[in-house]
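Hi,

Here is the structure I promised to pass on.

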Amino acid sequence: MSLSKIFMKKSPWVYHAHAGGCNGCDLEILACSGPRYDIERLGIKLVASPRFADILLVTGPVPLHTKPFLERVYAQTPDPKRVVAMGACGCSGGVLVDDENYSIAGPVERIIPVTVRIPGCPPKPEAIFEGILKAMRSF
Amino acid sequence: MDPFWLNPIIAFFCGIFLSFFFRKVNARIQGRRGPLIIVPQSLHDINHSKVLQPLYDILKLFSKKTIIPTAARSLFILSPVFAFLCAFTACFFVPVAGIAYVYPFSLVILFYLLMGELLFEIVGGIASGSLFSVIGGVREVELLLANELPFILGTFALAISYNTLSIQEMMGFHILTNPFAAIALFLAILVKLHMKPFDISEAESEIVSGLTTEYNGKLLGLLDATKIIMLFVLVALFAGLFLWVPATGLAAWFIFLAGIGATVLMLAIVHSLFSRFRIDQATRWLLKVPLALSIIAVILAVVQRYVL
């Protein structure tokens with residue numbers, strides 16, 4: 001294991017990319033950084049810009065008009081990076097799974113490579129924590 | 001001769017512990033745990049202790065790739081380096097347990113180096129070509145203009161009462177003899193370190209990250225290291241000027257560490273208890289309260305020196 005991978009594992013910074021979700025997942029992410037679950041215990045930090053991020057936490061089914069922005073956010077994140085698709089919509093499309101849906105560009109994995117999927121609608125904070133830890137360990 | 005050339009190294013490692021302490025106090029006041037000191041058994045493959053978390057952050061940023069925006073100019077790359085050099089040089093002039101480069105005008109040099117660090121940060125942010133950075137830069141310049149007066153007057157109050165411009169000669173427990181200067185300098189430090197009532201220039205919820213919006217990878221790592229050294233320099237300046245009892249050897253180190261610990265504790269409490277000022281409120285408040293306090297401090301110093 002190279003030296004850089006060790007440090008990548010020790011301080012992952014997470015950017016929450018909102019791609020057309022319903023805000024359910026977003027509230028659970030906020031709960032993650034609250035007193036009960038507190039992701040800062042392991043040095044995980046929610047950052048404001050994809051430029052600082054190591055892990056992209058994507059929520060929502062990615063509507064057509066959000067697709068170019070998601071691609072751009074992924075391009076703006078410096079390597080090495082991981083993507084975590086979160087929620088039923090992020091993993092598979094959820095209730096918007098219909099292939100003939102005129103406004104959905106598909107689940108996240110059709111647009112950018114996904115490492116970890118966190119199912120649930122919305123996932124519990126424990127599940128989000130576990131997903132971020134899995135992405136951390138995959139560096 | 002004093003080993004003042006060790007100051008930057010001490011500054012960096014002390015700054016990492018101070019930064020960790022800051023995060024921990026901040027988290028405890030908010031009812032969170034903060035970075036763990038002892039990590040549970042099941043997570044030992046990641047880490048055993050998170051005390052060095054700020055160091056891991058910097059090393060991680062240095063091991064990432066750096067993206068340079070196409071709109072950025074060459075100053076985008078150069079100015080973090082110059083900002084780091086300014087902070088690095090400032091370490092020589094700030095007394096670490098009483099040890100500093102002996103120079104009769106060290107206070108003036110320190111003013112220019114601290115201002116230079118902020119100016120290079122502003123120049124780098126504006127050269128990045130991002131609008132968020134430009135807004136952050138404008139706010140930072142406004143804060144800098146409003147803040148320099150109380151900062152300089154607060155420290156010059158001590159310079160007047162000791163009739164010197166060397167930091168080493170004016171050190172002492174002056175929080176009792178001139179408390180107004182201490183409060184003015186404390187508020188100025190809050191502004192210089194972008195802490196909570198005055199984190200307007202990097203307001204996360206409004207302008208992403210202000211001046212550092214476009215920075216990433218190694219350049220952001222350099223800026224983070226600069227930030228950590230700046231935290232140490234300003235905290236050590238405050239502890240040296242207001243919380244220092246003359247001593248030598250191990251006792252001096254003990255007093256110094258207690259002083260910087262107490263200062264960071266106060267900074268963290270203020271940071272976690274207050275919300276953000278708007279930019280117009282902040283400039284108005286800075287030109288009202290800290291300026292008045294620092295003028296009172298100067299008058300007090302003059303009275304103490306020339307009248308009593």
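To start with the strands: which residue in E2(A) stands opposite A:Trp13? A:Lys45 does.

Before the rest, some housekeeping. Residues are numbered from 1 along each chain as its sequence is written, while chains are lettered from A and ligands numbered from 1 in the order in which they are written. This is a predicted model, so local features need pLDDT of at least 70 and side-chain atom pairs count only at pLDDT 80 or more, whereas totals for chains, interfaces and linings use all residues. Helices (H or I, at least four residues) and strands (E, at least two) are DSSP runs, numbered from the N terminus.

Back to chain A. Strand E1 (residues 13-18) runs parallel to strand E2 (residues 45-47), and three bridges join them; two strands pair if DSSP finds at least two bridges between them. With helix H2 (residues 24-32), E1(A) and E2(A) make a right-handed β-α-β unit. Right-handed here says that, with the strands pointing away from the viewer, the path from the first strand over the helix to the second runs clockwise. E1(A) also pairs with strand E3 (residues 55-59) of chain A, in the parallel sense and over five bridges. There, A:Ala17 has A:Val58 as its bridge partner.

Most residues other than glycine have a negative phi, and most peptide bonds are trans. Chain A has a cis peptide bond between A:Asp79 and A:Pro80, with omega about -10°, and A:Pro80 sits in the loop between helix H3 (67-76) and strand E4 (82-86). Another cis bond joins A:Cys121 and A:Pro122, again with omega about -10°; A:Pro122 is in the loop between strand E5 (116-118) and helix H5 (125-137) of chain A.

In chain B, look at B:His194, where phi is positive, near 55°. This residue lies in the loop between helix H7 (179-192) and helix H8 (204-207). B:His194 counts as buried because 21 C-beta neighbours lie inside 10 Å (buried is 20 or more other C-beta atoms within 10 Å, exposed 12 or fewer, partly exposed in between, with C-beta atoms placed from the backbone). B:Val208 also has a positive phi near 55°, in the loop between H8 and helix H9 (217-242) of chain B, and is buried with 23 other C-beta atoms within 10 Å.

Lastly, B:Leu131 lies in helix H5 (residues 131-162) of chain B and is exposed, with 11 other C-beta atoms within 10 Å. B:Leu131 and B:Ile207 are 76 residues apart in sequence, with their C-alpha atoms 8.8 Å apart in space.

Cheers
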